[in-house]
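The sequence and structure come first.

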Amino acid sequence: MATAVRIRESIMIGVPKERLWEVTALQFDKIGDWSAGVLFSEGNGASELGAVCLERVCEPSYKGFEKTTERIVDYRPEQFQFTYQIVAGLPGMVEKATNTWTHIGEASNTRLTMDVNMQLKGFMGVLMKRPMQRKMRSILRQNLEELKIYVERGELHDRKKKLLKIA
């Protein structure tokens, strides 16, 4: 029996949802440009859902993480929402992992919510549930902070600058 894990984090970003959508969805393949958790990313394949690509491959900067392939499985531009599933590079104890990004416009600001759902398996899945929740919550919060600075100011977060060795 699988162990369910859900982590949900949100942030208010000071740009209209169309501008944020441009960076998160229309440039889905370019997360490596702004996220300190990703050294490099590139898109692969044509999406039948209308997205910029079928999937992206990410080289993570986190120690102990493998290169991942993230495939868009639900794409709703009219609702400013998309979901991707990690289809390669998951730890052995993770059976399935998805992340849904929802953009809710509030005047000239946008509330971005990331909603991660994972299915952990086996004894290690049960054992690692709480540590995985803490780690994923931290990763989501950092990504949201980094995205906010990138979109609002057109700058990289200090974590990304340090990773790239930019003064």
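## Aromatic rings

A cluster linked by ring pairs takes in Trp 21, Phe 28, Tyr 75, Phe 80, Phe 82, Tyr 84 and Trp 101. The model is predicted, with local features needing pLDDT of at least 70 and side-chain atom pairs pLDDT 80 or more, while totals for chains, interfaces and linings use all residues. Residues are numbered from 1 along each chain as its sequence is written, and side-chain values use heavy atoms, leaving out hydrogens and water.

The whole structure holds eight aromatic pairs (rings of Phe, Tyr and Trp, the last by its six-membered ring, with centres within 6.5 Å; planes under 30 degrees apart are stacked, over 60 edge-to-face, the rest tilted). One of them joins Trp 21 and Phe 80, and it is edge-to-face because the centres are 5.6 Å apart and the planes stand at 80 degrees. Trp 21 belongs to helix α1 (residues 17-24) and Phe 80 to the loop between β4 (68-76) and β5 (81-88), so the pair ties together parts 59 residues apart in sequence. Helices (H or I, at least four residues) and strands (E, at least two) are DSSP runs numbered from the N terminus. Trp 21 is buried at 5% relative accessibility, and Phe 80 is buried at 14% (buried is under 20% relative accessible area, exposed over 50%, partly exposed in between, with a 1.4 Å probe and protein chains only).

Tyr 62 and Phe 65 make a tilted pair, 5.5 Å centre to centre with 50 degrees between the planes. Tyr 62 is buried at 18%, whereas Phe 65 is partly exposed at 41%.

## His 103

His 103 sits in strand β6 (residues 94-106) and is buried, at 2% relative accessibility. Its side chain makes a polar contact of 2.6 Å with the side chain of Thr 24 and reaches the backbone oxygen of Phe 80 at 2.8 Å. A polar contact is a pair of N or O atoms within 3.5 Å; within protein, one must be able to donate a hydrogen and the other to accept it, and residues adjacent in sequence count only if both atoms are side-chain atoms.

Beyond its neighbours within four places in sequence, His 103 has contacts (heavy atoms within 4.5 Å) that include Lys 17, Leu 20, Trp 21, Gln 79, Phe 82 and Arg 111.
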